[in-house]
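Trainee: Before we go through this chain together, could you show me how each kind of feature is to be read?

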Amino acid sequence: MSMALIGLVAGLALGFAGYFGGFGAFVLVAALGAVGFLAGRIADGDLEPGDFFRPRGRDSGRR
């Protein structure tokens, strides 16, 4: 499935949630979509859970 098609489906889902459920439903669908996206990236092996907790800088431990 291409990224354009995935973006289209996500946009349609957010549009329906916003139209029928209001702003709260829009935010809920967007947040759950982001969580699902991250879970999918972790399942594919493109992202490691430890990437969120490691320091970014090379010398971040030294001062």
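**Reading the model**

Mentor: A10 is partly exposed, its relative accessible area being 39%, where buried means under 20%, exposed over 50% and partly exposed in between, with a 1.4 Å probe and protein chains only. This is a predicted model, in which local features need pLDDT of at least 70 and side-chain atom pairs count only at pLDDT 80 or more, while totals for chains, interfaces and linings use all residues. Residues are numbered from 1 along each chain as its sequence is written, and side-chain values use heavy atoms, with hydrogens and water left out.

Trainee: How many helices and strands does the protein chain have?

Mentor: Helices (H or I, at least four residues) and strands (E, at least two) are DSSP runs, numbered from the N terminus. The protein chain has 1 helix and 0 strands, and A10 has its place in that helix, α1.

Trainee: What percentage of the residues of the protein chain count as buried?

Mentor: Of its 63 residues, 3% count as buried. The chain exposes about 5,500 Å², of which carbon and sulfur atoms supply 67%; accessible areas come from the Shrake-Rupley method with a 1.4 Å probe, and for residues only the protein chains shown count as cover.

Trainee: Which residues line the largest pocket?

Mentor: Rolling a probe the size of a water molecule over the atoms shows where empty space is left. On a 1 Å grid over the protein atoms alone, a pocket is an open set of points where a 1.4 Å probe fits, with protein on both sides within 12 Å along at least five of seven lines, and lining residues have an atom within 4 Å of a point. Here the lining consists of I6, V9, A10, A13, L14, V29, A30, G33, A34 and F37. Two residues from this list, A10 and A30, are 20 residues apart in sequence and 8.6 Å apart in space, C-alpha to C-alpha.

Trainee: How many aromatic pairs does a search of the whole structure find?

Mentor: A pair of aromatic rings is described by the distance of the centres and the angle of the planes. Rings of Phe, Tyr and Trp (its six-membered ring) pair if their centres lie within 6.5 Å, and planes under 30 degrees apart count as stacked, over 60 as edge-to-face and the rest as tilted. The search finds 3 such pairs. One of them, between F16 and F20, is stacked, at 6.0 Å centre to centre and 10 degrees between the planes. Both residues lie in helix α1 (residues 3–44), 4 residues apart, about one turn of the helix, and both are exposed. F23 and F26 also form a stacked pair, with 6.2 Å centre to centre and 25 degrees between the planes.

Trainee: Why are F23 and F26 separated by about one helical turn?

Mentor: They are separated in this way because they are 3 residues apart in helix α1. F23 counts as exposed because its relative accessibility is 64%, whereas F26 is partly exposed, with a relative accessible area of 33%.
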